[in-house]
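Hello,

Here is the model I promised to pass on.

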Amino acid sequence: LGWMIGGPKTIEKIGTDGALNSGGGPAGVLTEAVRRLIDNGSLNLHLEMLRKELGERHKVLEQAFEEEFGPGVASCRPALGGYFTYASFKEASVTPGFTTAGLRQHCVDTNAGVLFMPVANCAVADPIAEGEGGFGLVPGLDTHSSRLALRLAVSQFTPGELREGVTRLAKAFQTFRPSP
């Protein structure tokens with residue numbers, strides 16, 4: 001159960017693996033459980049609930065970013081679905097040498113009580129296998145602007161925790177002074 005991203009050669013090679021092809025992979029029981037959820041309609045009900053809940057959490061983050069940073073400093077991207085959302089700092093609002101990787105390390109070093117993933121650490125822009133193209137950055141971000149962007153988890157935290165996380169991030173941002 002899951003998905004893969006790969007070029008045609010990679011997918012073909014994996015698709016001819018006997019254990020995977022015969023259903024003998026390690027996820028046989030889980031796959032059967034999900035099939036039953038699909039067959040009885042429970043999966044759709046769960047997905048509706050999940051979309052609603054995660055959508056509300058995305059909105060909390062968008063509002064918290066607007067309140068804590070203001071439109072001239074940072075913004076949270078509108079939700080496209082999923083367990084994560086993305087935010088980015090405006091170029092004019094940061095000092096020379098600023099990167100979200102540096103800000104993350106500052107959060108760790110100062111025990112700021114908040115962590116995030118720099119987008120540059122989670123986007124595949126270069127080929128991952130010979131003869132395959134990269135799979136791109138977050139839509140709307142290029143390699144340069146990705147240094148100003150961060151990925152935030154919305155699935156693990158309550159709306160109150162998400163709001164508090166943005167408050168802590170704003171405090172850490174105010175005290176972060178990168179080396180040029």
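Let me start with a pocket. Helix α4 (42-69), strand β4 (149-153) and helix α6 each supply at least two residues of the lining of the second largest pocket; helices (H or I, at least four residues) and strands (E, at least two) are DSSP runs, numbered from the N terminus. The largest share of that lining, seven residues, comes from α6. The space in this pocket is about 390 Å³. Of its 21 lining residues, V114, L115, L152, A153 and F157 are the closest to the centre. By class, the lining has 13 nonpolar, three polar and five charged residues.

Two notes on the source: this is a predicted model, in which local features need pLDDT of at least 70 and side-chain atom pairs count only at pLDDT 80 or more, while totals for chains, interfaces and linings use all residues. Residues are numbered from 1 along each chain as its sequence is written, and side-chain values use heavy atoms, with hydrogens and water left out.

For the terms: a pocket is an open set of points on a 1 Å grid over the protein atoms alone, where a 1.4 Å probe fits, with protein on both sides within 12 Å along at least five of seven lines, and lining residues have an atom within 4 Å of a point. Its volume is the space filled by probe spheres set on the points. Ala, Val, Leu, Ile, Met, Phe, Trp, Tyr, Cys and Pro count as nonpolar, Asp, Glu, Lys and Arg as charged, and the others, Gly among them, as polar.

Now the rings. The structure holds seven aromatic pairs (ring centres within 6.5 Å; planes under 30 degrees apart are stacked, over 60 edge-to-face, the rest tilted). One of them is F98 with F173, edge-to-face at 5.9 Å centre to centre and 80° between the planes. F98 lies in the loop between β2 (84-89) and α5 (100-109) and F173 in α6 (residues 159-175), 75 residues apart. Both F98 and F173 are buried (under 20% relative accessible area; exposed is over 50%, partly exposed in between, with a 1.4 Å probe and protein chains only). Ring pairs link F65, F69, F89, F98, F173 and F176 into a cluster.

Finally, there are six salt bridges (a side-chain nitrogen of Lys or Arg within 4 Å of a carboxyl oxygen of Asp or Glu). Among them, R168 pairs with E164 in α6, four residues apart, with the closest N and O atoms 3.0 Å apart.

Best wishes

Key: Rings of Phe, Tyr and Trp (its six-membered ring) pair if their centres lie within 6.5 Å; planes under 30 degrees apart count as stacked, over 60 as edge-to-face and the rest as tilted.
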